[in-house]
Structure formats: structure tokens, C-alpha cells
Amino acid sequence: MLIHTIAEVREQVKEWRKQGLSIGLVPTMGALHDGHKSLIEKSVEKCDKTVVSVFVNPIQFCPGEDLDKYPRTLEADEKLCNDAGVDIVFAPSPKEMYGEGHILSNDFLTYVIPPYFYTDKLCGKSRVGHFDGVCTVVNKLFNIVQPDFAFFGEKDRQQLIILKKMVKDLNIPIQIIPCPIVREESGLALSSRNKYLSENDKKEALVLSKILFNIKACYEKGIKDCKLLHETAFSYLNEHHSLEYLEFRDADDLEEKKIADKNTIVFIALKIGDVRLIDNIALENV
Ligand code: AMP
């Protein structure tokens, strides 16, 4: 069922609650692919009812980012959700979410601001304010749907860590379920932004997963010094790649690691032309 208004979602959820049914929420920005589908399938399996939100959230885009050209494919998204057994596809307009005139600056809108220690690094460094926008919209979706479980991909690992922290710090009674990264057979992590890549760019984009897989292989052979592991990346990079960061950080609090251990995540962001891609890998599956 496709729903565009908050009131209608609330009405339906109230009915489910009366019946004692469990509810799963999968927040997305649409242009759904197999990565999103894996989250949706997990929710459908675990919960009595599943809500998928499809909302390109304007307040998590920074000036000069791809808000206007971000792919919007609601009809196909609705079909994917229906086929997967989703109960509600919630696709609100910006006006429905943020009100008349939707004045989006934090002079006029109450924001949920995650701690600076978590947002001054990795993607937060170049995307200033991005995680404020993410936490604010996810909080709103939590309040609208009031799910028992919410499903987020490890593809956006910094986001996942920040949202877990938000839920803990604000005592939000929702369990966050992390879901593994879905990749193409080539290794490329699926992303809605892959649509911007030409065939050739797609080949160049394999450099992210190649670097990460190689670092993990070196770690498994016994190299633990992050500086040495970092250096292994350079043989993969060429003039098509503009590396934004390659960092070793703790899986819980994003503290920088000098010596890699079982709780280390390797994060990478890199631009191919104008397209910014991110990926990450856990050095051990704990
Ligand atoms: P987005 O629509 O990009 O905001 O993503 C919505 C959710 O899907 C987020 O929790 C993402 O981490 C997750 N997601 C996106 N791509 C993948 C992927 N390749 N594998 C697993 N989860 C993903």
C-alpha cells in the first residue's frame, strides 16, 4: 500500500498495535536495488508488518550536492516492495515532512545533533551537517511509524554507528538491526549513486573494494600496523581516482586505530569524476 501522509501511516500503525503485531521500518531514499531489498527481506522475515519509507531527505544534502538529480523511481520502488511483501510504502513529500514552506535551516527546525566526535571525521568532514539531517529525519520516521525494529545497511557504516549512538543516548525504544553490505559479483558495493557511473567508471570504481579486500588479506597474513596497511592502497590508485579518505577506525566509537584489531573497520571514500563513492570492511566478523 502506497501512502503519502503521516496521518494515514499513524492510523494504520495504531490498528496494528491494537492487534499486538510487531513492526519493522526500513528507511530509504528510494531508487531501490538489491542492497535495499536485503534489508526489506530481513524486516519481512523478522516482523509481522514492514514499513519502507522512500524519502529523498533535503536536509541531509549539503550545498552543491546531488539533491535535485538524485534518482527518483517511485513506481519501480513500489513494485519491488510489493513483491517483497512490504505492508506500507511511505513516500511523503518534503512539505508533508517539514511543513508549509518547509523552512529547513536549524534557525526554524528542531534538529537532532549527534556528537561532534562522531561527525567531525570520515564523511562528516566533507559533508558538514549531513548527519544532523540524517538523525533528524530518522527520528521523525521513528516517531511517525513507532517501529519495534529498524533496519540499516553496513554500507553506510558511519551512519549506522551514529544512529545506534542516538538510540542509546536518547533512550529510543527501537532495536537497530545492522545488515551486511550487498555487492555485485565484481565486488562493487551496490548504491543508488552507481547509476551515475558510465561503464568505464564502473570498472574504475572496483578500486574501492579491491583496496579493502587486499587490506583484509594483508591483515589476515599478520600485518597489523595501520600505516603499513594503508600503504598497500597506493598501487591500486591511478589518475581516475581522487581519494578522499582511507581510515582505520573502531567499530563502536570511530576512534582512530594505529594497530588494527578485531574491532577495526577500514573506511574508504573516493571520487571517480564527479561521483563520490564510499565503502568499508570489517577486518574480522565479530
Ligand atoms: P539509501 O537509500 O542510500 O539512504 O539507503 C537506505 C538503506 O539501505 C541504508 O541503511 C543503507 O545503508 C542501505 N544500503 C544501501 N546500499 C546498500 C548495500 N549495498 N548493502 C546493504 N545495505 C545497503
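## A buried aromatic pair

Phe61 has a relative accessibility of 10% and therefore counts as buried (under 20% relative accessible area, where over 50% is exposed and in between is partly exposed, with a 1.4 Å probe and protein chains only). This is a predicted model, in which local features need pLDDT of at least 70 and side-chain atom pairs count only at pLDDT 80 or more, while totals for chains, interfaces and linings use all residues. Residues are numbered from 1 along each chain as its sequence is written, and side-chain values use heavy atoms, with hydrogens and water left out.

A pair of aromatic rings is described by the distance of the centres and the angle of the planes. Rings of Phe, Tyr and Trp (its six-membered ring) pair if their centres lie within 6.5 Å, and planes under 30 degrees apart count as stacked, over 60 as edge-to-face and the rest as tilted. By this rule the count comes to 3 aromatic pairs. In one of them, the ring centres of Phe61 and Tyr70 are 5.9 Å apart and the planes stand at 80 degrees, so the pair is edge-to-face. Tyr70 is buried too, because its relative accessible area is 7%.

## A second pair

Phe117 and Tyr118 also form an edge-to-face aromatic pair, with 6.2 Å from centre to centre and 80 degrees between the planes. Phe117 is partly exposed, with a relative accessible area of 38%, whereas Tyr118, at 10% relative accessibility, counts as buried.

## Lysines over rings

A charge sits over a ring if NZ of Lys or CZ of Arg is within 6 Å of the ring centre and within 35 degrees of the ring normal. Lys46 lies over the face of Phe149, at 4.7 Å from the ring centre, and Lys224 lies over the face of Tyr219, at 4.1 Å from the ring centre.

## Helices H1 and H7

Helices (H or I, at least four residues) and strands (E, at least two) are DSSP runs, numbered from the N terminus. The axes of H1 (residues 6-18) and H7 (residues 130-145), which are lines fitted to C-alpha atoms over the stretch in contact, come within 8 Å and cross at roughly 50 degrees, on a scale from 0 to 180 degrees between N-to-C directions.

In contact (heavy atoms within 4.5 Å) are Ile6, Val9, Arg10 and Val13 in H1 with Asn143, Ile144 and Val145 in H7.
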